[in-house]
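Please read them with the coordinates open.

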Amino acid sequence: MSRFRTRTRPPVALALPALLAVAFLLLPLIGILTRTQWSELGEHLTSPGVVEALRLSAVVSLWALGLSLVLGVPLAWLLARVPFKGKALVRSLVLLPMVLPPTVGGVALLLGFGRRGLLGPWLEGTFGITLPFHTSGAVVAATFVAMPFLVISLEGALGGLKQSYEETAASLGASQVRVFFTVTLPMVAPGLIAGAALTWARALGEFGATITFAGNLPGTTQTLPLQVYLLLQDQPEAATSVSLLLLAVAMGVLIALRGRWTGTPADRKAAELPPVAEEPAPTAAAEPSAPAKLAEPAEPAEPTAPDASGAALRDGGRWPLHATVTGFNRLTLDAEPGTTIAVVGENGAGKTTLLRALLGLTPRAHAELRLGDTDVTALPPHKRQVAWVPQDGALFPHLSALANTAYGLRARRVPRAEARARAQAWLDRLGVGHLAHRKPAQLSGGQAQRVALARALAARPRLLLLDEPLAALDQTTRARVRHTLRIHLAEFGGVCLIVTHDPVEAVSLADRVLVLADGQTLQDAPPVEVTRHPRSPWVARMLGRNAWQGTASEGGLALAAGGRLVLAEELPDGVPALAIIAPEAVSVHRERPAGSPRNVWPGTVREITALGSRLRVLIGSAEAPDLVAEITPDAAAELGLADGVRVWTSVKATEITLVRL
Ligand SMILES: Nc1ncnc2c1ncn2[C@@H]1O[C@H](COP(=O)(O)OP(=O)(O)OP(=O)(O)O)[C@@H](O)[C@H]1O
């Protein structure tokens with residue numbers, strides 16, 4: 001109990017000044033409330049002068065808001081999205097009116113737009129507009145001080161928006177304008193609304209710049225704050241009443257904005273919902289393996305007859321791929337329709353860059369890309385029919401699973417009802433049809449991945465790019481989604497590239513494994529071949545094999561890391577090679593094994609991990625590189641294996657596969 005109190009009680013040294021700060025802010029407000037003549041409040045606020053000032057304030061602040069939106073939204077977009085020289089300077093310029101004393105702002109406006117200012121004579125001569133002492137002058141002054149709030153708020157929202165949302169939307173077929181209105185704008189709406197509200201409130205309260213630049217003319221430039229200033233001299237009670245009105249408006253804006261800075265109300269609602277259970281893995285019977293289930297959702301526009309080979313899913317076409325990539329990636333890729341290629345490689349090998357080049361989304365690599373008979377090289381991303389599922393799925397958070405899935409179809413102008421029906425059918429096929437009306441935040445990781453996949457497939461792509469589609473899932477969910485993925489990829493008539501770091505994914509999903517190193521193809525072969533003859537230690541280890549690099553010498557391999565390996569195969573001296581040892585081929589003993597094996601090393605158990613029904617034992621040795629052995633739990637128990645236990649390892653020379661480098 002006392003511990004609880006100690007923890008929650010804030011330190012006095014912080015609490016005291018914090019309370020003083022609150023009191024400091026509160027006292028003036030209490031002053032207004034206590035000094036307000038409540039009985040005369042109605043009379044004060046309905047006096048002709050106040051009503052006129054109120055009307056003028058509304059007109060000026062709304063015009064200022066409108067101008068800020070028209071000018072500020074593009075400026076915020078430019079600052080957030082377009083790299084250009086002098087951006088820091090432009091941003092400082094935008095912020096300047098916020099820190100400049102408003103009267104100085106007023107003087108600056110006079111010198112810029114006033115009668116004798118830089119632009120004033122031209123405005124007067126050409127349009128007959130004189131800003132000072134005119135309502136339009138008050139609007140200019142209010143816009144000058146208020147627009148920064150909009151720009152800063154919107155730039156922050158745009159900057160915080162992950163670009164993968166917009167890029168995915170483009171890959172689904174949406175033009176830039178469509179992406180802006182259907183993805184960008186709805187996603188930054190909270191920031192835009194918050195910025196607009198603050199801009200309006202700031203414009204409503206503007207005083208200094210207005211009185212300096214536009215003067216204090218009743219009915220023309222005398223807004224509420226200016227009137228408060230006047231009233232304070234002759235009728236302090238009325239000034240208090242009007243101040244109370246402005247205070248109420250300001251508080252109203254802040255209360256309405258509560259939470260908008262920290263997230264959308266939709267997000268919060270979603271977070272409050274009970275977690276959605278991951279549905280059980282589809283059984284073989286439930287999987288759409290029967291022809292009837294494989295049928296493409298009803299498509300009145302392009303009817304396709306389902307047949308036993310699943311041709312209906314292929315969008316009436318099969319799309320071979322030919323790509324020549326230059327830039328960071330330098331490779332040529334050819335693949336038959338229906339081929340799934342796992343793209344693997346170390347961090348920074350260029351996997352994502354390759355995908356982005358095929359999408360036409362990066363200047364770092366250029367892809368000459370032909371899909372079927374169509375050369376899409378010159379086409380923008382939204383016209384290539386190359387669908388992309390980024391690592392996090394990038395489901396649009398403001399749209400339901402159904403609307404997400406229908407997005408690509410709508411972008412290609414499929415009528416709404418038909419698009420939704422087709423999207424629903426795709427969700428059903430991927431086992432998430434019952435979640436169609438959920439927002440992405442209400443889906444589990446596995447469910448979201450299936451929706452992302454349904455969305456990509458529903459867009460009828462000719463090339464499908466999946467960037468680590470299962471990376472964020474736990475082992476069980478990963479196995480389920482992998483199963484679903486395998487079934488649907490088997491029916492896909494285009495080429496599919498899957499970036500992965502998971503050997504199981506690479507071997508079980510792909511027809512080919514493309515190993516990248518430094519942007520180039522190190523190996524491009526079927527999984528069996530890559531597993532048997534990996535071309536680099538990294539690939540071998542990724543596939544769960546021991547891989548030791550060395551140079552042939554005297555009938556063996558002198559290991560680069562020190563030590564020697566006896567081989568069954570003869571290699572000419574001096575040839576660099578990679579020795580691949582399957583973990584199952586490593587024998588573990590407590591005593592030095594008697595008999596013939598010549599590759600025997602003493603070592604210590606460093607780590608034991610479970611892999612399915614077997615155990616992987618990492619053994620370190622002073623005489624050889626680290627070695628991974630795979631044994632049954634029974635064998636491990638019999639040997640009494642545990643971390644730190646001293647053991648002997650042996651490998652038969654005939655169990656070693658050699659790959660020349
Ligand atoms: N926008 C960028 N500007 C400059 N260099 C970049 C950019 N994006 C990536 N790179 C560099 O290009 C190289 C390839 O990056 P890429 O993201 O394609 O690698 P990757 O194989 O996908 O790596 P990972 O497995 O870490 O995702 C890396 O050296 C990386 O630092």
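1. The model is predicted, and the domain assignment of its chain gives domain 1 (24–267), domain 2 (293–532) and domain 3 (544–660). Taken over C-alpha atoms, the centres of domain 2 and domain 3 are separated by 39 Å.

2. UniProt, in an unreviewed entry, places the feature "domain: ABC transmembrane type-1" at residues 54–255. In the model this span is 80% helix and 0% strand, and its end C-alpha atoms lie 21 Å apart.

3. An open sheet is formed by 4 strands in the order 2-1-4-5, with antiparallel pairing. Strand 2 and strand 5 (374–375) each have a single partner strand and stand at the edges, so one side of each is left without a neighbour in the sheet.

4. Strand 1 (residues 321–327) pairs with strand 4 (residues 365–371) over 7 bridges in the antiparallel sense, and Thr-326 has His-366 of strand 4 as its bridge partner. Strand 1 is also joined to strand 2 (residues 331–335) by 5 bridges, again antiparallel, with Asp-334 of strand 2 as the bridge partner of His-322; these two strands form a hairpin with 3 residues between them.

5. Which residue of strand 5 is the bridge partner of Arg-370? The partner is Asp-375, and strand 4 and strand 5 pair over 2 bridges in the antiparallel sense. Helix 16 (residues 351–359) packs on the sheet, where it touches strand 1 and strand 4, and the direction of the helix makes about 55 degrees with that of strand 4.

Definitions and conventions: Residues are numbered from 1 along each chain as its sequence is written. This is a predicted model: local features need pLDDT of at least 70, side-chain atom pairs count only at pLDDT 80 or more; totals for chains, interfaces and linings use all residues. Two strands pair if DSSP finds at least two bridges between them. Domain bounds come from an automatic or database domain assignment. UniProt positions are given in the numbering used here, feature names are shortened, and annotations may be inferred rather than shown by experiment. Two residues are in contact if their C-beta atoms, placed from the backbone, lie within 7 Å. Axes are lines fitted to C-alpha atoms, for helices over the stretch in contact, and angles run from 0 to 180 degrees between N-to-C directions.
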